[in-house]
Amino acid sequence: MDSFLLSYLNYWEPLGYIIIFLGMMIEGDTVLFIAAFLAYQGILETMPVLVVALWGMILGDNLWYSLGRKLKNSNSALNKWAEKLAGPLDEKLRNNTFRTIFFAKFAYGINRAVIFYAGRMRMNWRKVEQSDILATLLWMAIVAPLGYFSGASFIYVKRYLRYGEIALLLGLIIFFGLEYFINKKSRKRL
């Protein structure tokens, strides 16, 4: 595949996994989609991508929860952010933890706030962690195939495209369109 950037990952493959791991701690949707796309293209290995992404997401959620517990009584910008986004979900988070965390994974920008807010509320970590792990696995089972099959569809259009980044961009545009639609539906369910 002709590419400006992707060809470097063939030489620096471990760097790709590190970026995926760290990226999943901060922004899961886009990182997982791109990683799955690259796995289909053979630039990264599929199983390590999924394992690294899963551990990055779980460790990231652990860190966000811990940060919420630590900053519980502070007047930080993170508390204001979490209160604004996750505060309206307080009762739902307490009463139906799994469902709230699961749908928050699809509502762009809310997932980290919900986990942070759960820590801030000092919810039982075991309950939050169990819900989070199951929600993460289900979320990955939905998002990863979107990126992976976006890479698969690249085969059909690659003779029309010269650079892999363009195909990735088109896949991301489609993904963000789907995510926008799912986000609207998820917010209604929350």
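I started at Ile 18 and found this residue in helix α2, residues 13–26. Helices here are DSSP runs of H or I with at least four residues, strands are runs of E with at least two, and both are numbered from the N terminus. The model is predicted, so I note that local features need pLDDT of at least 70, side-chain atom pairs count only at pLDDT 80 or more, and totals for chains, interfaces and linings use all residues. Residues are numbered from 1 along each chain as its sequence is written, and side-chain values use heavy atoms, with hydrogens and water left out.

**Ile 18 and its patch**

I looked up the exposure of Ile 18: its relative accessible area is 47%, so Ile 18 is partly exposed. Buried means under 20% relative accessible area, exposed means over 50%, and partly exposed lies in between (1.4 Å probe, protein chains only). Ile 18 belongs to a nonpolar surface patch of about 510 Å², together with Trp 12, Leu 15, Ile 19 and Leu 22.

**Whole protein**

I counted 10 helices and 0 strands. Of the 190 residues in the protein, 47% are buried. I also looked at contacts, meaning heavy atoms within 4.5 Å. Among contacts with a separation of 6 or more, 84% are between residues 24 or more positions apart.

**The core**

Which residues touch the most other members of the largest nonpolar core? They are Ile 20, Met 24, Leu 32, Leu 93, Val 114 and Trp 139, in a core of 48 residues. At least two core residues come from each of several helices, including α2, α3 (28–40) and α9 (125–157). A nonpolar core is a set of buried Ala, Val, Leu, Ile, Met, Phe, Trp, Tyr and Cys residues joined through side-chain atoms within 4.5 Å. I then checked Leu 32, leaving aside neighbours within four places in sequence: Leu 32 is in contact with Met 24, Ala 53, Trp 139, Met 140, Val 143 and Ala 144.

**Asp 90**

I found Asp 90 in helix α6, residues 90–95. The side chains of Asp 90 and Arg 94 are joined by a polar contact of 3.0 Å. Polar contacts are pairs of N or O atoms within 3.5 Å; within protein, one must be able to donate a hydrogen and the other to accept it, and residues adjacent in sequence count only if both atoms are side-chain atoms. Not counting residues up to four places away in sequence, Asp 90 touches Tyr 117 and Met 121.

Terms used. Patches are made of residues with over 30% relative accessible area and no salt bridge: like charges are joined within 9 Å, nonpolar side chains (Val, Leu, Ile, Met, Phe, Trp, Tyr) within 5 Å. Accessible areas come from the Shrake-Rupley method with a 1.4 Å probe; for residues, only the protein chains shown count as cover. A salt bridge is a side-chain nitrogen of Lys or Arg within 4 Å of a carboxyl oxygen of Asp or Glu.
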